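The points are numbered for reference.

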Amino acid sequence: MDGFTTAGSLDDSLSGVSDVTDRLSSLELRVQQQDDDITVMKAALADVLRRLAASEDSAPPSAKKHTPGGKGGGTPLREAYSLSCITTARPGSPRETTPPQRDHAPRDSAPLSVSRKDTLSSAAKSGAGGGAERRKDGGGGGAGNVRSLSQLSQMDDIQEHPSSSSPSTSHPTSPQPPATTPQQATPPHRAPPTATATAHPVDSKGPSPSKRGHSAKRGGGMERSHSSTWDSAEDSRNRLVKAASTSRLLAKVAKSAEKNKDPVVSQEGNHIKMFMRGRPITMFIPSDVENYEDIRTDLPPERLKLEWVYGYRGRDCRSNVSLLPTGEMVYFVASVVVLFNHDETTQRHYLGHTDCVKCLAIHPDKIRIATGQIAGVDKDGRPLQPHVRVWDSVSLSTLQVIGLGTFERGVGSLAFSKADSGQHLAVIDDCNDHMLTVWDWQKKNKISEIKSTNEVVLAVEFHPTDHSTIVTCGKSHIFFWLWSGASLARKQGIFGKYEKPKFIQCLVFLPNGDILTGDSGGVMLVWTRSTTEVPPGGKGPRAYQIQGQIKGHEGSVFTLCHLRNGLLLSGGAKDHKVILWGHDLRPEREIEVPEQYGTIRAVSEGKGDQILVGTSKNFILRGTFNDGFTVQVQGHTDELWGLASHPFREMFLTCAQDRMVCLWNAHTHSLEWSRMLEEHGHCADFHPSGAVVAIGTHSGKWYCVDAENRDLVAIHTDGNEQLSVMRFSIAGKNRFSGHSSYITHLDWSPDNNYIMSNSGDYEILYWDIPNGCKLIRNKSECKDMDWVTYTCVLGYHVFGVWPEGSDGTDINALIRSHSRKVIALADDFCKVHLFSYPCSRAKAPSHKYSAHSSHVTNVSFLFNDSHLISTGGKDTTAMQWRLVEKISSTPSDGGEGLLLNHHHHHAAHPPISHAPLAATPTEAPPPPTPSSDETPPTTPPMAPLLLLPLMLTSTPPTANGMEESPAETPPPPPPASSSELTPPPSESTNDSTLSPKDSLEPSVATPTTSDEAATPTSDEGLPPFTPPN
């Protein structure tokens, strides 16, 4: 049995020195032949080396300087000698090491004594088989327990993980725990120390004094025997020193290779090996590649341009929907501020933020807008500072960025001053002290700052006629602030005989200067400035007192809005009511928002007598008291993962943990239908006919839903684990066995005879379907196979998309375009990437785009490659990107031009035909790709579904870490006329105000510093949504 255990007498162990050179040569040969095995040994010894380093550092300097055998000969001799004892352990073979023992004996005596004691104990317990094998190796095993930490460190640098290893259990053979086995390898990022020491078994509490005493007792005789042996073997010592030098050289080379984890091409040139968390991943080069060194991967000529955002953040925000004089509705979701014009069915997007937008304020001129974001962390752990951006809603250009380095946690609320034409901005930091700051935003000058309260602050407002008065409210308080220069003085509101509410949710100024507040008890209080109580000397804030109260809603009064005509709107959370109040604060009209839309979070004035309502279930409603509400915007309310594109129509389906399934029309930007499931949706796939869609859930259950009328066709259950991948094929439903971890991605061959799959432990496996889903052991046989789709994140054609230093979880999804020109990628750092296909060179360049504020969970091209759809996890948003191509223009054009890869389909979509489910169809239907004016092909029999369970929980989201990049801005389509009830035909697109050259400059995914702002874009629009059933 190989390992660190030894057998035999002390004399036998010392006599084995003569075999060291031969054994060292044998080991060096193994190093050259078994690179993978060396890697796993490296990881196995890391923990032992860390323990030995601590013991070495605690040793006295005299012990460190003492070397046996003359000057300079001790350390190389010990290194070479210990190297001869390191052999590859078979599964089940225990390894034992011993800690340095220098407190009771010279350097050479105690180590040998303790090693001998522990080795005899280990040999007695390890069985006759192991002892026989050690005797067969040469009988010098006893001395093999003398090991230097320096040599172990060198070996730790040389060793690598094997490509495959069977798990094994290690049984301790002594009271001390054994060293880590290769199968229990520690992560490779833990760097081993390089100090010199002698290794011994280490107990978690350290060696006991009795053990050290025993070692010292036996040390004298051993030291004499040790010295006499080496004094009579000068030639052997010289050979060992030379061997030790060779081992050092190998260690340096291996250590250098360990630091540089770039993919390595084999000497034969037939495969490439990349490394993920120290684990090698082998990919075979296709036969049509004559010389891999000639392969180049450039930036793709195609670009992405954000066209539409599906979603709204109402679940945890307030007062974040407003109407601009341009007729555009402004709101935010993820890191995007959306300007949506319902009448012209257009969306434009401000993309300057680097993380979640949490609040907004409209300047008195109704043109400039301030938006605040929360703090974040990039992929390297560096903080992304919260700040406020003031920008122009017409040009979408950033005017100022304020608060970088000032705000701690995020911007909770903000407001422009009104009495001085919006010259100043008040901001509440969401930190524990809820700091109130006042800014001259045009000069980026912070004028004053003060701690407001430890309680939650929900709103801040300037007095409309007195710019020196600021009011804040929140949990159990309302504060009136007198602002003068750099000072802020606070006066707390006194409730007196009125019941003190738990929360004051909102406030608004009445035309006469009084303040109206709404609280969690459903009461509205009127606060009037006192005429009798004047601060001494006229300094300090004037006191406000309660003039009266009004019962407003059942439950909380969540939002208040003062209308241009002097009337007032209030929104209730629990009763779902919007109430119109007259000039005398008496209720005049009321309307109830259907419960299916959630509670009211924001109320704003719309056009004419219309009102806008934002809800907690991420709906924006538009309507009147007479006609009721229609849905303008809606989205998911919980983490979004499932995405599937229709096989021949401009539609896509999303499913999320909110149990909602939505079918979206990418052409009209409208919701076709939605329905609730009993389980959380996680993945989905359309049948090739488009007749049904399969939806996998977290519990192992999956649903087949009619894609035309959302009826439930079938329900099946496969195990009780999360389903991560679903793919239709004629091969039938099969269960695969071969991966050692959960399956993450898979793709079918065109003939449906083979499958390529990836797993959570970075395996690439291939399956032979006709032969009973048999695992193909010889992966080189599959190097020339074609795949209908390419969603696997590991493989020769896509490995260049992985960023340097990736831990294997940085990429969530990947998709190859149907044209096979580009690859779209969803990463863990809120970015969408666009690579050229194939992408077979490490660190390939890419265009990258920022809009999501959470990990991007999925990407999918529409059937005609006109658009890419991306989904955000925690931001619950689906985003539609137009695929455009940047082309060279003639000199007369004066620059570069645009080629829109946009297929227009003006004819009405034909109905989807349905076919009965067939258990085992005989051949695969070709994927249909008709234009919209053609009728779809006859629906083939229903193809069985391949689904794969996910056995581990998902990775927590990672914060935005890459360089901010502008979105692409080609000319958007001209507006199409629309009515409130009928979606527009969208026959043409409207032009952007930005030039094509300026708008098509995405950042390239190379390590650079973050840009402060992103280039704004304007986009094509949206018809009204229809309320869900």
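In which strand is the place of Arg601?

1. Arg601 lies in strand E31, residues 600–605; strands (E, at least two residues) and helices (H or I, at least four) are DSSP runs numbered from the N terminus. The model is predicted, so local features need pLDDT of at least 70 and side-chain atom pairs count only at pLDDT 80 or more, while totals for chains, interfaces and linings use all residues. Residues are numbered from 1 along each chain as its sequence is written, and side-chain values use heavy atoms, with hydrogens and water left out.

2. Arg601 counts as buried because its relative accessibility is 13% (buried: under 20% relative accessible area, exposed: over 50%, partly exposed in between; 1.4 Å probe, protein chains only). Its contacts (heavy atoms within 4.5 Å) include Arg315, Asp316, Phe558 and Thr615, not counting residues up to four places away in sequence.

3. Strand E15 (residues 411–416) has 5 of its 6 residues buried. Strand E16 (residues 424–429) runs antiparallel to E15 and is joined to it by 5 bridges; Ala415 has Ala426 as its bridge partner in E16.

4. An open, antiparallel sheet is formed by 4 strands in the order E23-E24-E25-E26, where pairing requires at least two DSSP bridges between two strands. E23 (504–509) and E26 (544–551) are at the edges with a single partner strand each, so one side of each has no neighbour in the sheet. E23 is joined to E24 (residues 515–519) by 5 bridges, and Phe509 has Ile515 as its bridge partner in E24.
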